[in-house]
Each structure stands twice: as structure tokens, then as C-alpha cells.
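Reader: I would like to go through this structure term by term. Please set each value against its definition.

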Amino acid sequence: MRYGIIADIHGNLEALLAVLFELEDKVDQIVCLGDIVGYGPNPNECCEIIKQRKIISIAGNHEKAVLKELPLTWFYPDPATAVRWTQKIMLTENLEYIRGLPLTLDFPEFQIVHGSLLNPAEEYLTKLEEALPTFDLMTKPILFVGHTHRPLELTHEEKKIINPGSVGQPRDGDPRGAFLIFDAQKGEAEWLRVDYNIEAVQGRMKEAGLPIFLIERLRRGV
Ligand code: ZN
């Protein structure tokens, strides 16, 4: 079984379509680690594609914020502005869809969570010391996480925590959409990147009146 692992799409339709174009004939199932919405200009379209293409997803902090299950005070001002904009534009059927997403899921070979097993929607795992409580909670040898928007692999006592990076708002200095192919038989992960039309997304964000900082960071991948 080969899985496509994607995370942190953030309403970036162009990046999502470019990643799916690369992935769909190479894997048996695509799995999303949350933050389908927030920041970008096409949260409804991204939800619809995830549903139509039977991508299995969990919720991230941005889904929780759009549903008002996480307070806006959790966010810096620009992301909070984007959350408020997303709340206004989201269709009822897509709000219902994200309301139904679980915080964690177990597959035969791995587990998935947006942030960490200790605090699924909120905690960032950036280094081994932070990840130790989550390693203790793992019931499978591999856990896929998102949330930091940076590709990462942490190893501890035969277990691995793997982050594919972000589809729609990378923060590792590379503006291309990030994703990962996981071969479950071999236990191997392959990190991949794809170019997409960043200017088109930036243009739509400007039209929507989204914060300039969020528009500009896409070009730099930060
Ligand atoms: Zn995110």
C-alpha cells in the first residue's frame, strides 16, 4: 500500500491541485493531516476536492478556529483576520464537513494527528525534546504530523514522527508545495515538492482583502 501524505493546504487551491496531479496515479490512498482551510482564498473549493476525491482527513487548529472551538486570541493578528474571513465565506455544507473531522486517526501501519498526541490541534513538534511525550503515546511505529509547515523526521527508540511539510503555505524557505509518499511495505517516506502558480493565489488573496503579510510570505516560503 502506498499513501500520499499531505498537510496544511490552507485554502490554496492551486497548490492542492498541483500536488494531487503529482500524487494521484502514484498512490493507493491520500491522507490529509488537517488545516484544509485558513490563510488562503479558496477554503470551500479545497474542502470540496478533499470530499470528492475521497481523501481521508483530520482537523487542524484552523478548522477548530473557523468552527469557533479555538479562540481567535490563540492567533497573531494577521492569521486571526484570515480566520474571520474564512468564517464568513465558508458554506454550511463545508462547515458541517470540517465539524465531522476527527483529531486523530489510526491506519494499519501508522497514526496521524495535526499537532501532537498530547495536544492534537495546538502543539508544535519541532525537535526531539518536545516530541518525547508524543513518542510515549504512540501505538504504531510511525506518526505523521503537520502544523509546523516544515518537513521533518524525528526518530526515538524504533519509532518515527514524520512531517511532510505544507501544501499551501510552506515555511522552510522553499515556496513550492510540499507532500510525501509513504510506502507502507518498505516503511519508506519520500519527501517531494511541486511548483504551482503562486501569483494566481496572491492575486485572489488581494481581491479578497486578506492581509499583505500572508500574501507576500507565499512567494518566499516562510
Ligand atoms: Zn497550518
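Author: The expected span of a helix is 1.5 Å times one less than its number of residues. Helices (H or I, at least four residues) and strands (E, at least two) are DSSP runs, numbered from the N terminus. This is a predicted model, in which local features need pLDDT of at least 70, side-chain atom pairs count only at pLDDT 80 or more, and totals for chains, interfaces and linings use all residues. Residues are numbered from 1 along each chain as its sequence is written, and side-chain values use heavy atoms, with hydrogens and water left out.

Reader: How do you know that the span of helix α4 agrees with its number of residues?

Author: Helix α4 (residues 77-89) has 13 residues, which should span 18 Å at 1.5 Å a residue; the end C-alpha atoms are 19 Å apart, so the two agree.

Reader: Which residues of α4 are buried, and what covers them?

Author: Buried means under 20% relative accessible area, exposed over 50%, and partly exposed in between (1.4 Å probe, protein chains only). In α4 the buried residues are P79, A80, A82, V83, W85 and T86. Their cover includes α2 (43-52), α3 (61-66), α7 (198-208) and α8 (212-220).

Reader: Why is helix α1 called largely enclosed?

Author: Of the 11 residues of α1 (residues 13-23), eight are buried, so the rest of the structure largely encloses this helix. They are L13, E14, A15, L16, A18, V19, L20 and L23. These residues pack against β1 (2-6), β2 (29-32), α2, β9 (177-183), β10 (188-194) and α7, where contact means heavy atoms within 4.5 Å.

Reader: What makes β1 and β2 a pair?

Author: Two strands pair if DSSP finds at least two bridges between them. β1 and β2 have four bridges, in the parallel sense, and I6 stands opposite C32 in β2. From β2, Q29 and V31 point one way and I30 and C32 the other, and all are buried.

Reader: Which strands are the edges of the open sheet?

Author: The sheet has five strands in the order β4-β5-β6-β8-β7, with mixed pairing. Its edges are β4 (104-106) and β7 (152-156), each of which pairs on one side only. From one strand to the next the twist averages 15 degrees. Helix α6 (residues 128-137) packs on the sheet and touches β6, β7 and β8 (159-163), with a direction at about 65 degrees to that of β7. Axes are lines fitted to C-alpha atoms, for helices over the stretch in contact, and angles run from 0 to 180 degrees between N-to-C directions.

Reader: Why is the arrangement around the zinc ion called irregular?

Author: Donors are N, O and S atoms within 2.8 Å of the metal (3.2 Å for Na, K and Ca); water is not among the atoms, so sites may look incomplete. D8 (OD), H10 (NE2), D35 (OD) and H149 (NE2) coordinate the zinc ion at 2.1 to 2.3 Å. The four donor atoms here subtend angles of 87 to 179 degrees, which makes the arrangement irregular.

Reader: Are D8 and H10 buried or exposed?

Author: D8 counts as buried because its relative accessibility is 0%, and H10 is buried at a relative accessible area of 1%. D8 lies in the loop between β1 and α1 and has a positive phi of about 50 degrees although it is not a glycine.

Conventions:
Tetrahedral: all angles 85-135°; square planar, octahedral: opposite > 155°, others 65-115°.
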